[in-house]
Amino acid sequence: MAMPYDYEDGHQQQSGPDSLSYDPSFVPDPVKSFVVHLYRHIREKNVYEIHQMYENSFQTLSERMFKDVPWPSVDAVAPFVDNDHVFCLLYREMWFRHLYARLSPTLKQRIDSWDNYCSLFQVVLHGVVNMQLPNQWLWDMVDEFVYQFQSFCQYRAKMKNKTEQEIALLKQFDQAWNVYGVLNFLQALVEKSMIIQILEQEKEGLEQFTATDGYDYNGGSNVLKVLGYFSMIGLLRVHCLLGDYHTGLKCLLPIDLSQQGVYTSVIGSHIATIYHYGFANLMLRRYVDAIREFNKILLYIYKTKQYHQKSPQYEQILKKNEQMYALLAISLSLCPQVKLVEETVNSQLREKYGEKMLRMQRFDDEAFALYDELFSYACPKFITPSAPSFEDPLVNYNQDAYRLQLKLFLYEVKQQQLLSGVRTFLKVYSTISMGKLATYLEVDEPTLRTILLTYKHKTHAVDSDGKISSNADVDFYVDDDMIHVIESKPAKRYGDYFLRQIVKLEGVMTDVDRVKLE
Amino acid sequence: MGREISSGGQKSSSSSSAGMSYTVEQLVAVNPYNPDILPDLENFVNEQVSSQTYNLDANLCLLRLYQFEPERMSTQIVARILVKALMAMPAPDFSLCLFLIPERVQMEEQFKTLIVLSHYLETARFRQFWDEAAKSRHLLEVVPGFEQAIQAYAIHVLSLTYQKVPRSVLAEAINIEGLSLDKFVEHHTANSGWVVEKGHVKSPLITLPSNEFNRPELKKNTADGVPFEHVARIFPILG
């Protein structure tokens, strides 16, 4: 199931032979009609039609006419859309996105795409955009922006096979995809949009954002606001790519994950949010938080994935789904809180990883290899953000960041390796003396004491406010020489159960009332 | 490379002008991705050391800037940040910092030592920790309050685990013995609710203050409650 850590993200490497005959200035009729209509719908703020064209027509045309060649150049289509500056920026953004997805971008194209994002975001930040665009499109912009940054860092880090020309370009355009630039754009979008204040005011009922899915029904534009909103998720993702989990989670704080929000209105954003939130919490040893959110989204994907089968994101959804099962398997192996996991998710998990999870409990060399395998398969594509040293010999450093995160994670796993042994014994006793347990575990008493203290330390998570909470499924306390075990009983939620039954009964009674007896 | 911010989309306020009027905390809050605040952040680390204060966000911000521009990194400052992070145990700050420090830097002798110290604390091997710390005084002495902070962590883990802890176990964890330990225990008896149990001559027991982790019956049972909003939802049906 798990695959080795791959850096290419399934993107195709070579442009097809058709690219030889590709004429960027030729605009076929369907494309003409596509841009003319899209342009008109944007001017008329017809979000529904824009969404249809963006999600369906663009994909259909790409599939039919531009399978392995780029779309016509922006200069060629500009005359059909009044040379509209903003429309051309949007068109180019899609043009590059299509190129990245289906072909392999050259360095020059990567740099040009960066320039296009700079122009586009500047226009948005200066508040001269009065359009209303679908959330899906706005999410894709932020998502693609971060993806292209990540892709650039990976590309740049492979210095060994760079041509002289590429190196010259890298030196000349050292600002392209510069990490400060990327972070500051996202940060500027968050701030300029005032989204944090808007979400704050919404809690007091002074503002509507979530209720309208971020759209503006009073003639205004949703672009800056929603881009600002999604940029918080973009920042979470960039910080995870950098290994800065604490700061990443901080960027996400304004979004309340316990509720539906604009982040759940687009499946890609929903998944990206929870994937990175869960991963960051896993790295911070807050396993229960990770398990809870993975469980929720995996259940959600399980129930809804059939509706996304035709979506261009479908493959990505399935991939992230598999990765999150792997992360859930890791979290549960370190923190066996199975009762937090819903039955459907649990049976999927057992099917995929049941056997591996049993072996991971053993914490021998084979188990570490499995932790390594699952982590490598499911982790984000970490990046080294700094510019390369251009001095000879040129070395590849594209795996450095990943290796460091993996090493530190496995270090943590090693520190916990003795805990599952203790857990097994604690489960079958209500009280046991130190001496007896030490004998069972084949260690001396001082060592047993350190194991018990480690168990307590590792099962008690510290949140960002310094609050301590227990993640332990089996807990205990020591009184002098005697260990007293407390198995946390699953709390029965009678209240919720009765509430649901009341609502159900009411439904049945309404149905019965509707039945007319002849 | 990359020092000056490219034209687009970035913050216009540079810290050289703003640095006068803003505190470092404010700089980190409003302008976290600005390479110009690096010297301010370095000074702030030293200030945290001398004033025995701590600010994780600012320190992570600095490590991030080092990560972006490794040639500006000061390993002395990094070492101080790591010692401060050890002192923040049981919080995972030390790992948070390591995630941002390139592996080749972590290979340096002083960092290897700190990583070993962190490992002993994470696995509650206090005797080994204090032995190792004694050998690395030069690293730790520059940061006042180090011993006290680690002792506080040791006591934290002990109180998660023990209702009654033998005096010898306490002594080993906090590295205090004899008369000094008597004083230490006395102080905590007066201020933190410790109780020394008489009668055990060889190694007296010390009762640690109750908390929900060493007296699980104190844990509030929140699971039984039903939030008001849930109940409110069925009001129309009941009415």
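## Chain B

In this predicted model, 36% of the 239 residues of chain B count as buried. The secondary structure of chain B consists of 15 helices and three strands. Among the contacts in chain B with a separation of 6 or more, 55% are between residues 24 or more positions apart.

Chain B has a mean pLDDT of 83, and 84% of its residues reach 70 or more. Residues 1-19 of chain B have a pLDDT below 50, although this stretch has 46 contacts in the model beyond near neighbours in sequence. Where pLDDT is low, the predicted coordinates should not be read in detail. For the model, the scores are ipTM 0.86 and pTM 0.87.

## Contact between the chains

The contact between the chains involves 57 residues of chain A and 48 residues of chain B. On the chain A side, the elements that each supply at least two residues include helix H5 (107-125), helix H8 (179-192) and helix H11 (245-252). Helix H17 (400-415), helix H20 (445-458) and helix H21 (494-514) of chain A also each supply at least two residues, as do strand S2 (460-462) and strand S4 (474-479). H8(A) gives the most to this side, with eight residues.

The table divides the residues of two contact sides by class.

| Domain 1 of chain A, touching domain 2 of chain A | five residues | two residues | two residues |

Strand pairing also links the two chains: S4(A) pairs with strand S1 (residues 162-166) of chain B in the parallel sense, over two bridges. Which residue of S1(B) does A:Val478 stand opposite? The residue opposite A:Val478 is B:Tyr162.

## Domains of chain A

The domain assignment of chain A gives domain 1, covering 103-412, and domain 2, covering 418-487. Taken over C-alpha atoms, the centres of these two domains of chain A are 36 Å apart. Nine residues from domain 1 of chain A and five residues from domain 2 of chain A take part in the contact between them.

How values were computed: Residues numbered from 1 in each chain as written. Chains lettered and ligands numbered in written order. Predicted model: local features only at pLDDT ≥ 70, side-chain atom pairs only at ≥ 80, totals over all residues. Contact = placed C-beta atoms within 7 Å. Helix = DSSP H or I, 4+ residues; strand = E, 2+ residues; numbered from the N terminus. Pairing = 2+ DSSP bridges. Buried ≥ 20, exposed ≤ 12 C-beta atoms within 10 Å, placed from the backbone. Domains from an automatic or database assignment. Nonpolar A, V, L, I, M, F, W, Y, C, P; charged D, E, K, R; others polar. pLDDT = per-residue confidence, 0-100.
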